[in-house]
Amino acid sequence: MKIISDSNWYKIDTMKTLIKHGTCVTATATFQSDILIEDEKITRLAPDLEIDSDLQIDASGKLILPGGVDPHVHLDLPMFNTVSSDDHYTGHKAAAFGGTTTCMDFVVLENGDFSQSVDVWMQKAQKAAIDYSFHMNLTQFNEKIAKEIPSLMKMGIQTLKVFTAYNGRLRLDDGSIFQALRIARDNGMLVMAHCENGDVIETLVNEAIKNNHVTPEWHALTRPGWGAVEATLRVASMAVETEASAYIVHMNMAGEVDMLKYMRERGVKVMGETCPQYLFFTLDNLRQQDGAKWICSPPMRSKADNERLWQGLSENILQTVGTDHCPFYFDGTKPILYEGEAIAIAGKELGKHDFTKIPNGLPGIQDRLPILWTTGVNTGKITKNQFVAYTSTNPAKIFGLYPQKGALMEGSDADIVIWDENKKVKYGVAMSHQRTDYNLYEGWELTGYPEKVFLRGKLIVDGNEWKGKRGDGKFLKRNVGEVL
Ligand code: URP
Ligand code: ZN
Ligand code: ZN
């Protein structure tokens, strides 16, 4: 927005940006078009637009994508005597550099009080630099909580995350999950499920500790994959019984993909998300000297699981690729420089002598689009349109933001990525804005990278330059989503 003034009057004029000669890629089509942005919105989408503008960008030879929508991040999340090391500014800035302009974070439920818990997250997100919304972690359940769940809809939160694992901390019993699904069904809400077998994990962890098996690989060995498969089927079965819809987060096992396919072929309203880390890494990474870098839950599995997840993407069995971004430093005793400030945040070293004390989670909010492009699109495993569907349009649809987000359409928010599909980078911590001391994709040669990123019409990333600002991100009240 431009304010034109003379001595005694003010006129607010529209800021116009014209992007010319680009190739637009959406979830369903690829086409040549110019794009006119007026203030925060896309207002024209047509070839050969000849319109006076304040800023004209030549996107010849470049692709135009809708801004990425990351449905699964954990910013400023307290865990194991520390906190995830990206907050709602640093995480958002990193997201933007990777082409993501909207992300969805999980509110920690305290004292069974939704409103107070949301307020805490709203406060944390005051510094937001991209647009954001919240899911509610439903980690307690009783009659009062059950009655109050619909009030979340009025706050613009239509999603509940339930856990079948993390006994004594986050887990809900099956009866409570079943009731939550019914409440969600009646109120246009969606249950997201973290699927592992909490009881088996508890038993195996106790045994491992008793036997002094304390190295990072035991994190994976005590969280068996079949527990994830079984829990996925369990939640999907409850969705059948309640006629609700369910979304399985961070799918990591071949068997989960099989369950998803089986259920969806039978008309069950179940959807699945995977994350880049489950497409590449295995138990072997946890066996390395720096294995703690790969500790997250659910854990890394096998090559066969990686392959089946890729197949799940190629064949449209899965619906989204999120990140589960929940970074910690590998060595939080040593500060790193972030925007000129030396910052150390306790991290994976907390569990140097005991894997159960290693904070669970990985960085990935910036990595998602560039990594998936090189390894998915450039190899022919997924098309460009599938790439947009998984990383932007489908999450926007499922989580009630479409077509405001996830779309290149007249009337949509002008969240736009100018993508250079020929740009080669050697990726790693040096070019990452994620506030941590390591990157899972260190040294990977990537081809395809964001060149410019717009958030609601404002250029926030221009090559290597950060033009975004703390506080410029907006909370998005979400509507009832679609079942894809
Ligand atoms: O290890 C992980 N994924 N940490 C974040 C919490 C969760 O379960 O998604
Ligand atoms: Zn989870
Ligand atoms: Zn998560």
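Residues are numbered from 1 along each chain as its sequence is written, and side-chain values use heavy atoms, with hydrogens and water left out. In this predicted model, local features need pLDDT of at least 70 and side-chain atom pairs count only at pLDDT 80 or more, while totals for chains, interfaces and linings use all residues.

**Exercise 1. Describe the interface of domain 1 and domain 2.**

Step 1. Domain 1 covers 2–65 + 408–432 + 446–466, and domain 2 covers 68–398. Taken over C-alpha atoms, their centres are 30 Å apart.

Step 2. Count contacts, meaning heavy atoms within 4.5 Å. Domain 1 contributes 31 residues, in contact with 26 residues of domain 2.

Step 3. Give the area. The size of an interface is often given as the accessible area lost when the parts come together. Buried area here is the accessible area (1.4 Å probe) that two parts lose on being put together, summed over both. The two domains bury about 2,200 Å² between them, with 63% of it on carbon and sulfur atoms. On the side of domain 1, Ala-27, Trp-419 and Trp-466 lose the most area to domain 2, together 26% of what that side buries.

Step 4. List the polar terms. A salt bridge requires a side-chain nitrogen of Lys or Arg within 4 Å of a carboxyl oxygen of Asp or Glu; the rule finds 2 across this interface. A polar contact is a pair of N or O atoms within 3.5 Å; within protein, one must be able to donate a hydrogen and the other to accept it, and residues adjacent in sequence count only if both atoms are side-chain atoms. Across the interface there are 11 residue pairs in polar contact, both at pLDDT 80 or more.

Step 5. Assign the elements. Helices (H or I, at least four residues) and strands (E, at least two) are DSSP runs, numbered from the N terminus. The largest share of the side of domain 1 that touches domain 2 comes from strand 21, with 8 residues.

**Exercise 2. Which residues touch the most other members of the largest nonpolar core?**

Step 1. Define the set: buried Ala, Val, Leu, Ile, Met, Phe, Trp, Tyr and Cys residues joined through side-chain atoms within 4.5 Å. Buried means under 20% relative accessible area, exposed over 50%, and partly exposed in between (1.4 Å probe, protein chains only).

Step 2. The largest core has 111 residues, and Met-136, Leu-138 and Phe-387 touch the most other members. At least three residues of this core come from each of domain 1 and domain 2.

Step 3. Beyond four places in sequence, the contacts of Met-136 include Val-107, Phe-114, Leu-152 and Ile-157. A second, separate core of 15 residues includes Leu-45 and Ile-418.

**Exercise 3. Is His-325 buried or exposed?**

Step 1. His-325 is located in the loop between strand 17 (320–321) and strand 18 (336–338).

Step 2. His-325 counts as buried because its relative accessibility is 0%.

Step 3. Leaving out residues up to four places away in sequence, His-325 touches residues including His-72, His-74, Asp-86 and Gln-434.

**Exercise 4. Is Asp-186 buried or exposed?**

Step 1. Asp-186 belongs to helix 5 (residues 174–187).

Step 2. Asp-186 has 53% relative accessibility and therefore counts as exposed.

Step 3. The side chains of Asp-186 and Arg-185 are joined by a polar contact of 2.9 Å.

Technical notes. Chains are lettered from A and ligands numbered from 1 in the order in which they are written. Domain bounds come from an automatic or database domain assignment.
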